[in-house]
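Please look over the sequence and the model before reading on.

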Amino acid sequence: MNQRIQPVNFDWGHLELKKRTNLLYNYRNSKKILEFAEQFIERAKEINKQEGNSYAQIPSCADPEYAVEGGEQIRIIEYKLQEEAQHFLKQFRK
């Protein structure tokens, strides 16, 4: 999710690095994208809990405060019919 770097079980100790580096800033996603993702993830967690699903834990979003760019406001377009949505998306095909 968000193509961020996740912690893994890899042990960096054998590389004998002298200095520890924590990656903090997000250059890949804008603050607005991350804020939207937070809302989406929280809603997904609520639905998952309400429906009693035993899916794997939904991961948290990267912190929007560490986004390098602000970005543009996210807008959602909602269509009642799938055909209407497909018609809208066709204009973006090459």
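Helices are DSSP runs of H or I with at least four residues, strands are E runs of at least two, and both are numbered from the N terminus. The model is predicted: local features need pLDDT of at least 70, side-chain atom pairs count only at pLDDT 80 or more, and totals for chains, interfaces and linings use all residues. Residues are numbered from 1 along each chain as its sequence is written, and side-chain values use heavy atoms, with hydrogens and water left out.

**Helix H1**

H1 has 20 residues. Its first and last C-alpha atoms lie 29 Å apart, close to the 28 Å expected at 1.5 Å a residue. That expected span is 1.5 Å times one less than the number of residues.

Which residues of H1 are buried? They are Leu34, Ala37, Ile41 and Asn48. These residues sit on the same side of H1, because they cover an arc of only 55 degrees around the axis. The arc is taken from the directions that run from the helix axis to the C-beta atoms. Gln39, Phe40 and Gln50 are exposed on the other side of H1. Buried means under 20% relative accessible area, exposed means over 50%, and partly exposed lies in between (1.4 Å probe, protein chains only).

Just after H1 comes Gly52, with a positive phi of about 65 degrees. Pro59 belongs to the loop between H1 and H2. With a relative accessible area of 34%, Pro59 is partly exposed. The C-alpha atoms of Pro59 and Ile41 are separated by 8.1 Å, although the two residues are 18 apart along the chain.

**Salt bridges**

A salt bridge needs a side-chain nitrogen of Lys or Arg within 4 Å of a carboxyl oxygen of Asp or Glu. By this rule there are 3 salt bridges.

| Pair | N to O distance |
|---|---|
| Glu65 and Lys31 | 3.5 Å |
| Glu42 and Lys45 | 3.8 Å |
| Arg43 and Glu46 | 3.2 Å |

The bridge between Glu65 and Lys31 links distant parts of the chain, 34 residues apart. Glu65 lies in the loop between H1 and helix H2 (82-90), and Lys31 lies in helix H1. Glu65 is exposed at 56% relative accessibility. Lys31 is partly exposed at 28%.

Glu42 and Lys45 both lie in helix H1. They are 3 residues apart, about one turn of the helix. Glu42 is partly exposed, at 42% relative accessible area. Lys45 is partly exposed too, at 23%.

Arg43 and Glu46 are separated by about one helical turn, because they are 3 residues apart in helix H1. Arg43 is partly exposed at 42% relative accessibility. Glu46 is partly exposed, with a relative accessible area of 42%.

**Aromatic pairs**

A pair of aromatic rings is described by the distance of the centres and the angle of the planes. Rings of Phe, Tyr and Trp (its six-membered ring) pair if their centres lie within 6.5 Å; planes under 30 degrees apart count as stacked, over 60 as edge-to-face and the rest as tilted. How many aromatic pairs does this rule give? The count is 4.

One of the pairs joins Tyr25 and Tyr66: the ring centres are 6.2 Å apart and the planes stand at 85 degrees, so the pair is edge-to-face. Tyr25 lies in the segment before H1 and Tyr66 in the loop between H1 and H2, so the pair ties together parts that are 41 residues apart in sequence. Tyr66 is partly exposed at 32% relative accessibility.

Phe88 and Phe92 are also edge-to-face, because their ring centres are 5.3 Å apart and their planes lie at 70 degrees. Phe88 is partly exposed at 24% relative accessibility, whereas Phe92 is exposed at 56%. Tyr79, Phe88 and Phe92 form one aromatic cluster.

**A nonpolar patch**

Tyr25 is placed in the segment before helix H1 (31-50). Is Tyr25 buried or exposed? Tyr25 is exposed, with a relative accessible area of 55%. Leu24, Tyr25, Tyr27, Tyr66 and Val68 make a nonpolar surface patch of about 580 Å². Patches are made of residues with over 30% relative accessible area and no salt bridge: like charges are joined within 9 Å, nonpolar side chains (Val, Leu, Ile, Met, Phe, Trp, Tyr) within 5 Å. Accessible areas come from the Shrake-Rupley method with a 1.4 Å probe; for residues, only the protein chains shown count as cover.
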